[in-house]
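Let's walk through this protein together, from its overall build down to a few single residues.

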Amino acid sequence: MNRRTFLGGAAAALAGSAPLAAAHPKLEIGVTDWNLGLTGKVEAVALARKLGFEGVQISLGRKIENNQLPLASAEVQARYLEAAKTQGVALVSTCLDILHTNYLKNDPLGRKWVADSIPITKKLNAKVILLPFFGKGALSTPAEMDYVGDVLRELGPEAEKAGVVLALENTISAPDNMRIMDRSRSKSVLVYYDIGNSTNGGFDIAKEIRLLGKKRICQLHFKDNPHYLGEGKIDMVAVLHAIADIEYRGYAVLETDSPSKAIEADMKRNHTYVKRLMSQNGM
């Protein structure tokens, strides 16, 4: 270490908000296809690349045809794989949107769709399936949480074999999510941690991230809707410090609204903000 490096590090340590060590694992930034206005459309891959994102999360669709999810089509899967290869953008995860209709907490069809999504996600070379629990499908009682844990206990071995994670995204606390994960008894059942949802639920997100740790969080959503990131109520620096503290490796996916209705400009603005903040904090 030369004198200049030493003095720079000392000055940072004396400052009130010292940057994170550069040795922390790299955080990569992705984007949801639905926030790009391209839900379930392969064009989202090229747009993600155009805006500078490293990955894209894709919806598996809600329009069921022939008792199959839209992306069950081998032809559609091939188009996504070709787009990802051509654009150099990873397909980082899928979202089982149909669970907004067939709730996993009480609808047998929900279980079927989770089972069907596993081979689809594997073929897309994605590693994570987001399982949403919102609206009428939100988890509100211990019995509902236990039921979901039991369903995922049945599906866990299939996910493990495929090398795919079944990711819980919901409005409940970190301890309640841990209850479901423990009940599932599967290393393939983890949390998709959404900082916006948890903030709206009144939870301390930095504390929850540290509580869950890197072994329980498979992917994150960044949002502070309806605001631009950094202009709402979420302390993004605190979020990045918590992520660094647990040595999380992987993607933070932007699920941000478009306040100006100019999707590309607004998404680019949020992306630039996160990247700048990461650089300022040594990530």
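A word on the ground rules first. This is a predicted model, in which local features need pLDDT of at least 70 and side-chain atom pairs count only at pLDDT 80 or more, while totals for chains, interfaces and linings use all residues. Residues are numbered from 1 along each chain as its sequence is written, and side-chain values use heavy atoms, with hydrogens and water left out.

Ten helices and eight strands make up the secondary structure of the protein; helices (H or I, at least four residues) and strands (E, at least two) are DSSP runs, numbered from the N terminus. The C-alpha trace spans about 65 × 40 × 35 Å along its principal axes. The radius of gyration of the protein is 19 Å, which agrees with the value near 19 Å for a compact globule of 283 residues. That radius is taken over C-alpha atoms, and the globule rule is 2.2 Å times the number of residues to the power 0.38.

How much of the protein is buried? Of its 283 residues, 53% count as buried, where buried means under 20% relative accessible area, exposed over 50%, and partly exposed in between (1.4 Å probe, protein chains only). Contact means heavy atoms within 4.5 Å. Among contacts between residues at least 6 apart in sequence, 77% join residues at least 24 apart.

Now look for strand β1, residues 27-32, where five of the six residues are buried. Two strands count as paired if DSSP finds at least two bridges between them. β1 runs parallel to β8 (residues 250-254), joined by five bridges, and Val 31 stands opposite Leu 254 there. β1 is also parallel to β2 (residues 55-59), with three bridges; here Thr 32 has Gln 57 as its bridge partner.

Helices come next. In α2 (residues 43-50), the residues Ala 44, Val 45, Leu 47 and Ala 48 are buried. The buried residues of α2 pack against β1, β2, α3 (74-87), β3 (90-95) and α10 (263-280). An α-helix has 3.6 residues a turn, so residues three or four places apart point the same way. Just after α2, Gly 52 takes a positive phi of about 95°.

Ile 243 lies in helix α9 and is buried, with a relative accessible area of 2%. Not counting residues up to four places away in sequence, Ile 243 touches Leu 27, Ile 209, Leu 220, Phe 222, Tyr 248 and Met 283. Lys 233, in the loop between β7 (217-222) and α9 (236-245), is exposed, with a relative accessible area of 60%. Leaving aside neighbours within four places in sequence, Lys 233 is in contact with Thr 199, Asn 200 and Asp 224. Lys 233 and Gly 196 are 37 residues apart in sequence, and their C-alpha atoms are 9.5 Å apart.
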